Amino acid sequence: MIEAIDWTPKARAILRAASELFYAEGIHAVGVEAIAERAGVTKKTLYDRFGSKDRLVVTYLTERDREWRLVLDARLDAAGTDPATRLATLFDASADWHDERGGKGCSMINAYAEISDPAHPAYSVIIDQKRWMHGFLRDLAADAGVSDPERVGAELMLLHEGALVATGIGVIKNAFAAARDVALDRLAGS
């Protein structure tokens, strides 16, 4: 059993530093020395709080996903229950998240580019986040009364993931708005 993290101010500083560096530079490119230096702690303190770099990566991805879900849940609560409005809200929330916190695209997609080994402890965090999003979209399609919510949910997921990638690399201007409009058409035409 993994011990709970003692969330001291230093532990929070380590996670904040790791999150900034992992997102900006990549997980493999960032060593514990750089994280400790950015956090203003020793490597011993980092290991005392997290045990390993892998656990720090897991915590970074878990926390980023938790924060995203809190933002999305608040926006969805304000949007109400209409499936089309909720779908539009997802794409708009994603665009805002990118503008505020994500200039380099989706942290889960970026992490998967570096961690595709199912044995790595962060792998399940990445996959579970994407499965959750797919489930959310499948359920939204079912709430909209489409005849094949599994298929429509998968198509909506592909549109959302495509917008994440296109926005992250800057290939398509306003990718979330364009994908939102296609997604709404797909939901309405099912």
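## A buried histidine, an enclosed cavity and a helix pair

In this predicted model, H134 counts as buried because its relative accessible area is 19%, which falls under the 20% limit for that class. H134 is found in helix α7, and, once its neighbours within four places in sequence are left aside, H134 is in contact with E150, G153, A154 and M157.

The structure holds one cavity of 30 Å³ or more, and the volume of the largest cavity is about 240 Å³. Of the 20 residues that line this largest cavity, W68, W97, C106, S107 and L164 are the closest to its centre. Two or more lining residues are given by each of α4 (53-79), α5 (83-101), α6 (107-114), α7 (123-143) and α8 (149-169), and the largest share, five residues, comes from α8.

Elsewhere in the model, helix α1 (residues 9-25) packs with helix α3 (residues 43-50) at an angle of about 100°, and their axes are 10 Å apart. The two helices α1 and α3 are therefore roughly perpendicular to each other, since angles of 65 to 115 degrees are placed in that class. In this contact, K10, A11, I14 and L15 of α1 meet T45, L46, R49 and F50 of α3.

| Group | Nonpolar | Polar | Charged |
|---|---|---|---|
| Contact of α1 with α3 | five residues | one residue | two residues |

Key
Residues are numbered from 1 along each chain as its sequence is written. This is a predicted model: local features need pLDDT of at least 70, side-chain atom pairs count only at pLDDT 80 or more; totals for chains, interfaces and linings use all residues. Side-chain values use heavy atoms; hydrogens and water are left out. On a 1 Å grid over the protein atoms alone, a cavity is a set of points where a 1.4 Å probe fits but cannot get out, and a pocket is an open set with protein on both sides within 12 Å along at least five of seven lines; lining residues have an atom within 4 Å of a point. Grid points are joined across faces, edges and corners, and a volume is the space filled by probe spheres set on the points. Helices (H or I, at least four residues) and strands (E, at least two) are DSSP runs, numbered from the N terminus. Buried means under 20% relative accessible area, exposed over 50%, partly exposed in between (1.4 Å probe, protein chains only). Contact means heavy atoms within 4.5 Å. Axes are lines fitted to C-alpha atoms, for helices over the stretch in contact, and angles run from 0 to 180 degrees between N-to-C directions. Angles under 35 degrees count as roughly parallel, over 145 as roughly antiparallel, 65 to 115 as roughly perpendicular and the rest as oblique. Ala, Val, Leu, Ile, Met, Phe, Trp, Tyr, Cys and Pro count as nonpolar, Asp, Glu, Lys and Arg as charged, and the others, Gly among them, as polar.
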